[in-house]
Amino acid sequence: MVAIRVSLPVPLRRSFDYEYEHPLAPGVRVRVPLGRRVLTGIVIEVPTEALPGITLRPILAVIDREPLLSSEQLRLLRFAADYYHHPLGEVLFAALPGALKRGDEAVTARAYGLTAMGLAAEAARFGRARRQAALWEAIKAAGILNESGLKALGPGFRPALRALMAQGLVEEREAPAPGSTLCPDGVVLRPDQRAACDAVRAAFGTFVAFLLFGVTGSGKTEVYLDLLAGVVEAGGQALVLVPEIGLTPQLVTRFEARLGTAIGTLHSACAAGERARVWSAAAAGRLGVVVGTRSAVFTPMKHLSLVIVDEEHDASFKQQDGFRYHARDLAVWRAKRLQVPVVLGSATPSLESYRHARERRYHLLTLPDRGPARALPSVRLIDLGRDRARDGLSAPMIAALRAHVARGEQALLFLNRRGYAPVLLCPQCRWHAPCDRCDARLTVHLGDRRLRCHHCGHERPLPTACPACGHEGLVRVGDGTERVEEGLRRALPGARVARVDRDTTGSRLAFNALLRKVRGHEIDVLVGTQMLAKGHDFPNMTLVGVIHADQGLHGNDFRADEQLFAQIVQVAGRAGRGDRPGQVLIQTHHPAHPLWVPLARLDYEAFAEAALQERRETAFPPYTHCALLRAEARKPEIALRFLEAAKRLAATPPEVRLGCILPAVLARRAGYHRAQLLATSAQRGALQSWLTAWLARVAEIPVAAQVRWSLDVDPYSLF
Ligand code: ADP
Ligand code: ZN
Ligand code: ZN
């Protein structure tokens, strides 16, 4: 009998020992007893020394003959558990595809096209079969849709496909051959793109972190494609991480058409079985390229030889609850351990990555422009103090919209607030519709006449009279996307207006359908939230309007400026991607704010220099490393008592500073009172080793059992 150390999916910072007749390889799944339960666990090691004097319980069953997790993956996951101070068992199971199935099915090369009848069909025939309609539209737009394009639409499209085939509208087609017609001819890389590719290719087989800094539309994706082709040709594998919303069927089709090979896709909407199939195909080295969102960083890949993180500054790479890891940071760590290059791409790099590049730890590759034919858009501020806005729209904004639409061009209005108005006010008694469970106001949604809390989801019917005093003239204060949409319909009566936010386009399905409509120019003006800001290419979009930039100007989080800058550059990047120049109009009440100087020139480097200096002076990341201990409890004093006990426990070394206990900015959310304690240090190592010792004792604080607490290492925000 030998002892086997097993990690279990329980929130405990420890592993468990069992016995078995012979050693088992780390990464193998087993069934073991814990208390009166039987759990699935993962073997993490076989202790070399016999454990003296302890009787171990036996392993009940061994599930895998071959390890499900490779040693490379186990190393990555162990590092992640240590670094983010999260229980290893939960980390291992967070990385595994839900199904844990060992599907061995190869990725098929099937593809689908419309029959003559399908081409002649009208959207109306699908009635309420929304998936069929969307799939029909997607195939029509793409010409040929392959398996991965189908998967990128989201789960549940297979029945729709079968239905369309049964109706004789869709037929199976040959998948496009490598390098075939779908690939736009004649993309010859510009010298700056070529130089970037050459630098990365020269680093194949070694670890170098590259920061590919290229303005929006400068051709970063073309650089990735060239590199991916190099990897695939050499028989290697590449992992591409994209933001939540960046993984569209268009992107997948563009990749496959160019690379001439099936790629695996992994995102949060992937069905469990599908995820498991991509996993095993990638693990076996059968998939050349895997494109996925955050958790795809854990994909096992036998011959991983290049890692790409697109839009590396994007907040969706940081998991914000449970196991709070940063996929970009883990991607860099993984590349380093594997000695392969990693490419981080962005038009507005995170200040962390930009600092590494300035200090030459990362190799900076720059794509300074969009090539000869296409200039960056021009940016102009509209002073709302002078030009008052009605329903979010000032007169100059309306004039510009009219002019662009009259020329047959498209416009995009950006406002990061859904609903009609953020406040419902009684002018008589000053009642502001509050959320009962949060320190926040309810947002007015006129579409379905509801009041909604955007923090906890609580909702109720929209009152017609003030619940406090009975007054009937309630006022809706402030602008949301619904109101701007209404204003647009009034100001531009003939224009085709569409709204994009979680209320209208919550599903991947609806969102993809809308993107196709924009490309097909069935829409003149789009108004929406940041869902729109990311990487979509609309060649006919020549005007971008920012309705309220000021929300971000006075944000109290240390990343507020960085986020606002990135967001505006991203939306501005939607303008003028075709052959006509773009224009960006930004409405603000604070035209003298210093952030507008670099923004008006879309000058990221000037912004970053100033922002880094400020971060250094105020000792914020990337010059300081942070870990935030958060606590929430039904009773405010319980959360505070927990944090006070945690603070008293701490014998901090001189390099680590422990801040004051502060209420969270939203001090009450969904009925929980929230507070936090911030630990900082200029030295990552010192902070890490202190955290390990500290957390072991924090977990034992008596009141901890009554508190929901968590540690967030490198928090994205300090809210
Ligand atoms: P980014 O990823 O930086 O936003 P893309 O790679 O999507 O930019 O390129 C934007 C557009 O410019 C795409 O339509 C792309 O096909 C085109 N493009 C990029 N590089 C070239 C090139 N060297 N020659 C011709 N077209 C290019
Ligand atoms: Zn009232
Ligand atoms: Zn609420």
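**View 1. Helix 7 and its two sides.** Pro191 and Ala202 sit exposed on one side of helix 7. This is a predicted model, so keep that in mind for every view here. Which residues of helix 7 are buried? They are Asp192, Gln193, Ala196, Cys197 and Val200. These five cover an arc of only 135 degrees around the axis, which means they end up on the same side of helix 7. Pro191 and Ala202 are on the other side. As for length, helix 7 takes in residues 191-202, twelve in total. From first C-alpha to last, helix 7 reaches 16 Å, close to the 16 Å you'd expect at 1.5 Å a residue.

**View 2. Polar contacts of ligand 1.** Zoom in on the oxygen atoms of the ligand. Thr221 puts a polar side-chain atom 2.6 Å from an oxygen atom of ligand 1. Gly219 takes part through its backbone, with a polar atom 3.0 Å from a ligand oxygen. With Arg254 it's the side chain again: an N or O atom there is 3.2 Å from an oxygen atom of ligand 1. On its own, ligand 1 would expose 550 Å², and the protein buries 76% of that.

**View 3. Two loop residues with positive phi.** His85 has a phi near 50 degrees, and you'll find His85 in the loop that links helix 1 (71-83) to helix 2 (88-95). Glu311 has a positive phi too, about 55 degrees. Its loop runs between strand 14 (304-310) and helix 11 (327-338). Are these two buried or exposed? His85 is at 7% relative accessibility and so counts as buried. Glu311 is buried as well, with a relative accessible area of 10%.

**View 4. A cis peptide bond between two prolines.** Most peptide bonds are trans. The one from Pro621 to Pro622, though, is cis, with omega near 5 degrees. Where does Pro622 sit? Look in the loop between helix 19 (604-617) and strand 30 (625-633).

Note on methods. Residues are numbered from 1 along each chain as its sequence is written. Chains are lettered from A and ligands numbered from 1 in the order in which they are written. This is a predicted model: local features need pLDDT of at least 70, side-chain atom pairs count only at pLDDT 80 or more; totals for chains, interfaces and linings use all residues. Side-chain values use heavy atoms; hydrogens and water are left out. Helices (H or I, at least four residues) and strands (E, at least two) are DSSP runs, numbered from the N terminus. Buried means under 20% relative accessible area, exposed over 50%, partly exposed in between (1.4 Å probe, protein chains only). A polar contact is a pair of N or O atoms within 3.5 Å; within protein, one must be able to donate a hydrogen and the other to accept it, and residues adjacent in sequence count only if both atoms are side-chain atoms. Accessible areas come from the Shrake-Rupley method with a 1.4 Å probe; for residues, only the protein chains shown count as cover. The expected span of a helix is 1.5 Å times one less than its number of residues. The arc is that of the directions from the helix axis to the C-beta atoms.
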